[in-house]
Protein chains: 2
Amino acid sequence: MAGERGAYARGLARRDEIMAGAIELFGRIGYRNATILDIATHVGISRTGLLHHFPSKEILLKAILAKRDREDLQRLARSDDALGGLRDIVELARHNAGVPDLVSLFAVLSAEASDPTHPAHDFFVRRYERARVSMADALRRAGDAGLLAPHVDIDHEARALVALMDGLQVQWLLAPDQVDMAEDLRIALQNVLVVPLPS
Amino acid sequence: MAGERGAYARGLARRDEIMAGAIELFGRIGYRNATILDIATHVGISRTGLLHHFPSKEILLKAILAKRDREDLQRLARSDDALGGLRDIVELARHNAGVPDLVSLFAVLSAEASDPTHPAHDFFVRRYERARVSMADALRRAGDAGLLAPHVDIDHEARALVALMDGLQVQWLLAPDQVDMAEDLRIALQNVLVVPLPS
């Protein structure tokens, strides 16, 4: 049993290694350009070894996307109160500044995926629908708690804040010393609140 | 002379055709994936014919980027007054909604180009620096005319408005029926003004 559990843990660790290598390579040369062999070579395993964990490049991509979404959702579900929920969004931007490969991959893919034949098209359509809905929910909770400035149009602000996070990522990737994503997001959130946002 | 002028005009028209075809193909399958032969086939000319106008894929790409920048600058230089300058930004977003291929290409490229070895890296670094500076200038003119709300931090707002335009493009490409880029940009600008923004 101990041996089986060890093999299982090693398998999971290997999956994580492959995903990390693929994120780096997809972000650098693009999802469509990177072959399974490129990724395997980059990670330092055989093509067959990689295919044992991920039977196709598309399955590997979808595993990466799903894993990041899961982790982001956990990060956004930490606080019970309305103000804490908004602060968690700033924290997510701060976390993103530590994972440039992943940010770059998502920026490239979300744009590529506007093509309806792209393997991640449906994923990104749904992801943005969900992002707008959760952002609107977070703002509505702040509004119900009397924390929102009276001029705020919640649906507009939800689209705008999601867009701001994405757009800041592109500027930050190109000029990491000139753009502080978390700080710009904090100011944007502060601008729609009537109370100070705790940092 | 008339014959020479005719040949020149035909050459320019052919250049425009090639650029339009390349924009479509780059936006759909990515700059790195599309070969010169792919583009030539897509446009319906020979590989040699294409190379006569653009000696390399990189030169073709740079011509496309420079042309769009030139056209955008013309669109943003239409008004002399501060309020008109901000309205021109909304008009640019409205114009973008009519050229999805170009918007998609720029979204993919700006993200891919965060890799310092990408042929468009320097172009996009400079482009965003310039975009932030012109947006800040437009806001400063509005401030000097007494039109800006007192809470506005001009440098933050410049980064945020540029980011908003980019982020809205991604959401719009994925859900064109749910996102009105020009309208969301108009609301965002209105939120920093103390007078109505003319539509």
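This is a friendly conversation about a predicted model and how its features get their labels.

Tutor: Residues are numbered from 1 along each chain as its sequence is written, chains are lettered from A and ligands numbered from 1 in the order in which they are written. Since this is a predicted model, local features need pLDDT of at least 70 and side-chain atom pairs count only at pLDDT 80 or more, while totals for chains, interfaces and linings use all residues; side-chain values use heavy atoms, with hydrogens and water left out.

Student: What makes helix 5 of chain A mostly covered?

Tutor: Buried means under 20% relative accessible area, exposed over 50%, and partly exposed in between (1.4 Å probe, protein chains only). In helix 5 of chain A, 11 of the 15 residues are buried. Among them are L83(A), L86(A), I89(A) and L92(A).

Student: What covers the buried residues of helix 5 of chain A?

Tutor: The cover includes helix 4 (57–76), helix 6 (100–112), helix 7 (121–144), helix 8 (154–174) and helix 9 (181–191) of chain A. Contact here means heavy atoms within 4.5 Å.

Student: Why is M181(A) called buried?

Tutor: Its relative accessible area is 5%, so M181(A) counts as buried. M181(A) sits in helix 9 of chain A. Leaving out residues up to four places away in sequence, M181(A) touches A93(A), N96(A), A97(A), L168(A), Q169(A) and W172(A). The C-alpha atoms of M181(A) and L92(A) are 9.8 Å apart, although 89 residues separate them along the chain.

Student: Which label does K67(A) get?

Tutor: K67(A) has a relative accessible area of 27%, so the label is partly exposed. K67(A) belongs to helix 4 of chain A, and it touches D16(A) and M19(A), not counting residues up to four places away in sequence. From K67(A) to M19(A) is 48 residues in sequence and 9.6 Å in space, C-alpha to C-alpha.

Student: Why is the pair R127(A) and D69(A) called a salt bridge?

Tutor: A salt bridge needs a side-chain nitrogen of Lys or Arg within 4 Å of a carboxyl oxygen of Asp or Glu. The side chains of R127(A) and D69(A) meet at 3.0 Å, N to O, and form a salt bridge. R127(A) lies in helix 7 of chain A and D69(A) in helix 4 of chain A, so the pair ties together parts that are 58 residues apart in sequence. Both R127(A) and D69(A) are buried. As background, side chains of opposite charge can pair when their charged atoms come close.

Student: What makes D155(B) and R140(B) a salt bridge too?

Tutor: Their closest N and O atoms are 3.8 Å apart, and the cut-off is 4 Å. D155(B) is in helix 8 of chain B and R140(B) in helix 7 (residues 121–144) of chain B, 15 residues apart. D155(B) counts as partly exposed at 44% relative accessibility, and R140(B) is partly exposed at 36%.

Student: How many residues of chain A are in contact with chain B?

Tutor: 42 residues of chain A are in contact with 42 residues of chain B. The two chains bury about 3,400 Å² between them, 56% of it on carbon and sulfur atoms. Buried area is the accessible area (1.4 Å probe) that two parts lose on being put together, summed over both.

Student: How many salt bridges does the rule find across the interface of chain A and chain B?

Tutor: The rule finds 2 salt bridges there. In one of them, the side chains of R159(B) and D184(A) meet at 2.6 Å, N to O. D184(A) is buried, with a relative accessible area of 1%. Over all chains, the whole structure has 26 salt bridges.

Note on methods. Helix = DSSP H or I, 4+ residues; strand = E, 2+ residues; numbered from the N terminus.
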